[in-house]
Amino acid sequence: MSMTSPESRSSIPRVSLKAIRDIENGRSTKSAINVGNVERWASGVGGGLMVVQGLRRGNFSGLALAVLGGALAYRGFTGHCQAYQALDINTAGKRRSDEEESIYKGVLIKHTCTINRTPMEIYDYLQKPENHQNFNVRVESVTKSADGKWHWAIKGPLGSTWRFDSERITDEPGRLIAWKSLPGGDVDNAGSIRLNSAFEGKGTEVTMEVSYEPPAGSVGVAIAKMLGHDPDAQIREDLRRLKQLLETGEVPTVQGQTAGHGRA
Amino acid sequence: MKALCWEGIGDVRVETVPDPKILNPRDAIIRITATAICGSDLHIYDGYIPTMKQGDILGHEFMGEVVEVGRGVKNLKPGDRVVVPFTIACGHCSNCERKETSLCDNSNPNAGLAENVYGFSGSGLFGFSHLFGGYAGGQAEYVRVPFADVGPIKIPNGIEDEKVLFLSDIFPTGYMAADNCNIQKGDVVAVWGCGPVGQFAIKSAFLLGAERVIGIDHHPHRLAFARDRNGAEIINYEETDVIQALAALTGGRGPDACIDCVGLESHGHSVDALYDRAKAMVGLTSDRFHALREAIYACRKGGTVSIPGVYGGLLDKFPLGSAFAKGLTFKMGQTHVQRYLQPLLERIERDEIDPSFVITHRLKLDDAAEGYKTFYKQQDTCMKVVLKP
C-alpha cells in the first residue's frame, strides 16, 4: 500500500517505513541474512560492548578487542556472517514476510501528557521550526523550506549526527500533525502529535507517537541504550519540556548551580 | 559564599562554594538574612532520604533580601524583603491553578526519576535530594530561587525576620495539617509529635476552632511547651498507654482528628515499633511509622487522619482494616505553602500568633554543623535552630 494514496493520507504510518523506502527506491527488501535472531542479538550486544570496552582501554589489545567487537556487531546488525557464508551455514531459519519483519524491527514510542493550553496554542508553537530545538534537545538544526519540507540534523549516538528530511502527511490545525521522513535520510522515522481538548479548563491532552527504523534494527536499539541513548525516555522528556515551555515559558534546571566540595 | 553542605550520613559542613547565579528568566537571587534547620533536614542528616549527593547545599526554610532578578520577574526588585516557600511551583500548571502548589507539574527537573519511584512527581523542593529536583538550599549566604515571580511573599518593613521566617515551611505545614482536619466546633484533635510542626499544628487547631487539643510525645520539655505555651493537654507515651489515655480523655469516642507530625523515623517502644526499627536496620523497610498506626487505631469512627510528617517509601503492617472499619478520611502530602502565605502573614500582622515562639537556639551560619548535632542529639531541649549568615 502506498502511503500517499488518498484513502490512507490521514492514517499515520506506523512501522513499515523501511519497506516504504525500499519500495520507493525500487529495490528488493531481501538480504543475505544467514544468522538467527538470538544469535544476532548476542553478536550485536556482545560486539558492541567489546567495542566500547576496547576503545576505553586505549592500547593495542584494546584496539584488537574493538575490531573483533566491531566484526561481531556488524554480524548482529546485518544478520550476515562471512564465515557462515563460506561454510554455507544458515541459522536464520524460515524468514517472516517483509511486512511482518518490518513491524517486528521497527520501534514505536508513544507518550501522553496534558498541557494547560488550548490546542491552537500548542499547534501554533509546533508550526515554528526553531521551537523544536527548545524541547527536543537532540535537534542540532531544523529548517523549513518553501516547498514545505523540513530539514533535520539530530544528535545520534557517539557524537554522530543524523540528517534527514521530512514532510507533513497530515496537518489539521489544532488537532493533528503527522510527518514521515523522506527517502535518503540517515534514519527513517514517522510520527504524529494529536491534540485533544480535555474537559473544559483542563487543558489539552497531547499524544506524541514516533516510530522509527533504527539504523541497525533492534540490535541497534539495544546498543544505543547501552550508550545512554534511550529514545523512549528521550521522547517522554521531549514531551515534558514542551509542556514546561508552554506552561511556564522555561525548562526548569539545576545545571550550572552551585554546590560544595568536589562538585562545584 | 558560605553554605552548609551535605557530605555524607551524619556529616554536614560549612564550606566556601561559588555564588549562585541566575539560570532561568524567572529566577531571582536572594541574600539570606535568616534560615532554619527543619526536622526533615534531620531525615537527610540521618540518611533516610535517598538520592543525596556529596556537596548538596541543604536548607529549605529561609528568607532574605532580593539582590538580582531574571528578565521574567517583574513583581520583585532588588531590596525587597521576601520569605520563600520550600515548595517550588510554576504557578501556571493545572495543579498550581488549583493552589495545590506542592503538586506542581513543572518544577522538578528530575521528574522522570520521581515518576519511576512514585508514579508521578510532586513539586521541586529546596535542598531536599535529587528525587525532588536537587535544588541548592538556603542554609547559605545566597540562594537561587526559581519561579521567583510566583513563589516568594513580600514582607513589609517593621516585622522582624523571626516572626515571618517560618512562613517558609513549618507554620503553613502545621496549619495545613489542622486545616485538613475539617475542624468543627467542639472537636478534639490529637497531635503526635510535639516538635515545631506539632506545636504549630496544636496552635493552628485552636485557631481553627478546636475545643481541645492533645499533644503526644516523650520529650518532657516539648510536652511542657505544648501545655504551657500552646494550651494542649499532654500524653507522655513512655509513661501512659496512648490509645487508652485518648479514649479516657474523649469519653471513649476517640479524637475527632489525629495529626501525625512524626513521619518516617517514628520512635516508640511497643512491639510494632521495635519490629519497624529492626527491619529498618537490616534494610527491609524504609519507613518506621508507629505513630501513624497509633493515630489510625485511636481516631474516632468517621474521623480524619492528617499526615504532615514526611514519608518516603513503603509501609509494612499498615492497619488498613481498622481505617476501613471506621470509615476514616486520610489527608496528607507536602504543604501547599503558597496557598497559606497571605492569610497567615495577616494572622501574624494581627498578632494572633507570633511564630518565633518555637525558637530555642540562635547560631551563626558558620556554626550550622554544630546546630545539626545539637538538634539531633538534644531533641528534648532543642526545638528550633535559627541560623544567621
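The model is predicted: local features need pLDDT of at least 70 and side-chain atom pairs count only at pLDDT 80 or more, whereas totals for chains, interfaces and linings use all residues. Residues are numbered from 1 along each chain as its sequence is written, chains are lettered from A in the order in which they are written, and side-chain values use heavy atoms, without hydrogens and water.

The contact (heavy atoms within 4.5 Å) takes 40 residues from chain B and 22 residues from chain A. Leu23(B), Asn24(B) and Asn106(B) supply 21% of the area that chain B buries against chain A, more than any other three residues.

Two salt bridges cross this interface; the term denotes a side-chain nitrogen of Lys or Arg within 4 Å of a carboxyl oxygen of Asp or Glu. Over all chains, the structure holds 28 salt bridges.

| Salt bridge | Closest N and O atoms |
|---|---|
| Asp105(B) and Lys243(A) | 2.9 Å |
| Arg26(B) and Asp149(B) | 3.0 Å |
| Arg81(B) and Asp161(B) | 2.6 Å |

Because Arg240(A) lies in helix H9 (residues 231–248) of chain A and Glu115(B) in helix H3 of chain B, the pair joins two chains. Helices (H or I, at least four residues) and strands (E, at least two) are DSSP runs, numbered from the N terminus. Arg240(A) is buried, at 11% relative accessibility, while Glu115(B) is partly exposed, at 25%. Buried means under 20% relative accessible area, exposed over 50%, and partly exposed in between (1.4 Å probe, protein chains only). Both residues belong to a network of salt bridges that also links Arg236(A) and Glu237(A).

Within chain B, Arg26(B) forms a salt bridge with Asp149(B). Arg26(B) lies in the loop between strands S2 (11–16) and S3 (28–37), and Asp149(B) in the loop between strands S9 (142–145) and S10 (153–154), so the pair ties together parts that are 123 residues apart in sequence. Arg26(B) is buried, with a relative accessible area of 6%.

Technical notes
Buried area = accessible area lost by both parts, 1.4 Å probe.
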